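User: I would like to learn how to read some backbone and side-chain features. Please take me through them one at a time.

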Amino acid sequence: MPLSSASPRRLGRVLLTNDDGINAPGLALLAELVAEVADEVWVVAPEKDQSGMSRAVTLTAPLRVEERGARRYALTGTPSDCAIFGLRHLLKDAPPDIVLSGINRGANVGDEVPYSGTVAAALTARLLGVPAMAFSLALTNRAHVRWDTARALLPRVLDHALGLRVAANAVLNINFPDLDVSDVGDIVVTRQSRGTLDRIDVEARADLRGGTYHWMAFRRHMPILGPDTDAGALKHGLVSITPLGFDMTAPDGIA
């Protein structure tokens, strides 16, 4: 992994959010690490898990906020709500230099990126004029999340990402592989892959009173992909940085 001999870049005011919720370990780790390079760290995160909410915003119900510590707030809303609340209300008169979202428990790559609340919060911040990045950590076993890998790599990856020239309308979607830190390779700039989501199923189950409830389940497929793609980079043990934008036009459709 490329290392810089210079001191890490300093940040002023930083706003953090996520989609796993205010009490998620990934958010706590992100706040701990960013505090080492930032003058001020603010947190506005959902009061509960909001995974898969994409760019949903709450328009038909009031939002309630609870202070959970110094510069730390839980919001009864989606990740995008949190970004909007932080930028257009809480820090309206003193906007942050950057918004960082994550660290998500699970990769956000390929076909699943549009569903990600982690990525959506970053996109919403960028839409409101503030640079943003999203961080996710791949996993294969939910009982064994490699937080130590994220802890070791994030400071260097963040410093590397801050040094990149990024288009004004783009955010960086950063994913760490599910490996011990000693097995992780370089940081690579990638494109979003396709073909990683096989289907979405609906599973019906019976509760103890004889009623029926349903779970939705993603069925994933990992095609053979090169290290120039986000999912392929993770398979090759690399840290993936993918610039994402807002244009969803299908080139084949125009043709």
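**A buried charge**

Analyst: Start with Asp81, which is buried but has no salt bridge; Lys48, the nearest side chain of opposite charge, is 11 Å away. Keep in mind that this is a predicted model.

User: Where is Asp81 placed?

Analyst: Asp81 sits in helix H2.

User: Which residues is Asp81 in contact with, leaving aside its neighbours within four places in sequence?

Analyst: With those neighbours left aside, the contacts of Asp81 are Ala56, Val57, Thr58, Leu63 and Leu75.

User: Which strands does helix H2 lie across?

Analyst: Helix H2, residues 79-90, lies across E1, E2, E3, E4 and E5. Relative to E2, helix H2 runs at about 130°.

**The sheet**

User: How do I read the sheet, and what is the order of its strands?

Analyst: Look at the order and the pairing. This is an open sheet of nine strands, in the order E3-E4-E2-E1-E5-E6-E7-E11-E8, and the pairing is mixed. The edge strands are E3 and E8, and each pairs on one side only. From one strand to the next, the twist averages 25°.

User: In what sense do E3 and E4 pair, and over how many bridges?

Analyst: E3 and E4 pair in the antiparallel sense, over four bridges.

User: Which strands does helix H4 lie across?

Analyst: Helix H4, residues 147-162, lies across E1, E5, E6, E7, E8 and E11. Helix H4 runs at about 155° to E6.

**Backbone exceptions**

User: What is the general idea for phi and the peptide bond?

Analyst: Most residues other than glycine have a negative phi, and most peptide bonds are trans. Now the cases here. Ser54 has a positive phi, near 55°, and is not glycine. Ser54 lies in the loop between E2 (38-46) and E3 (65-69). Arg71 also has a positive phi, near 55°. Arg71 is in the loop between E3 and E4.

User: Which peptide bond is cis?

Analyst: The bond from Gly102 to Ile103 is cis, with omega near -5°. Ile103 lies in strand E5, residues 98-105.

**Aromatic pairs**

User: How many aromatic pairs are there?

Analyst: The count is two. To read such a pair, check the distance between ring centres and the angle between planes. Tyr115 and Phe218 have ring centres 5.2 Å apart and planes at 70°, so this pair is edge-to-face. Tyr115 is in the loop between E5 and helix H3, while Phe218 is in strand E10, 103 residues apart. Tyr115 is partly exposed at 36%, and Phe218 is partly exposed at 27%.

User: What of Phe135 and Phe176?

Analyst: Phe135 and Phe176 form a stacked pair, 6.4 Å centre to centre, with 15° between the planes. Phe135 is in E6 and Phe176 in E7, so the pair ties together parts that are 41 residues apart in sequence.

User: Are Phe135 and Phe176 buried or exposed?

Analyst: Both Phe135 and Phe176 are buried.

Terms used. Residues are numbered from 1 along each chain as its sequence is written. This is a predicted model: local features need pLDDT of at least 70, side-chain atom pairs count only at pLDDT 80 or more; totals for chains, interfaces and linings use all residues. Side-chain values use heavy atoms; hydrogens and water are left out. Helices (H or I, at least four residues) and strands (E, at least two) are DSSP runs, numbered from the N terminus. Two strands pair if DSSP finds at least two bridges between them. Axes are lines fitted to C-alpha atoms, for helices over the stretch in contact, and angles run from 0 to 180 degrees between N-to-C directions. Contact means heavy atoms within 4.5 Å. Rings of Phe, Tyr and Trp (its six-membered ring) pair if their centres lie within 6.5 Å; planes under 30 degrees apart count as stacked, over 60 as edge-to-face and the rest as tilted. Buried means under 20% relative accessible area, exposed over 50%, partly exposed in between (1.4 Å probe, protein chains only). Lys and Arg count as positive and Asp and Glu as negative; His and the chain ends are not counted. A salt bridge is a side-chain nitrogen of Lys or Arg within 4 Å of a carboxyl oxygen of Asp or Glu.
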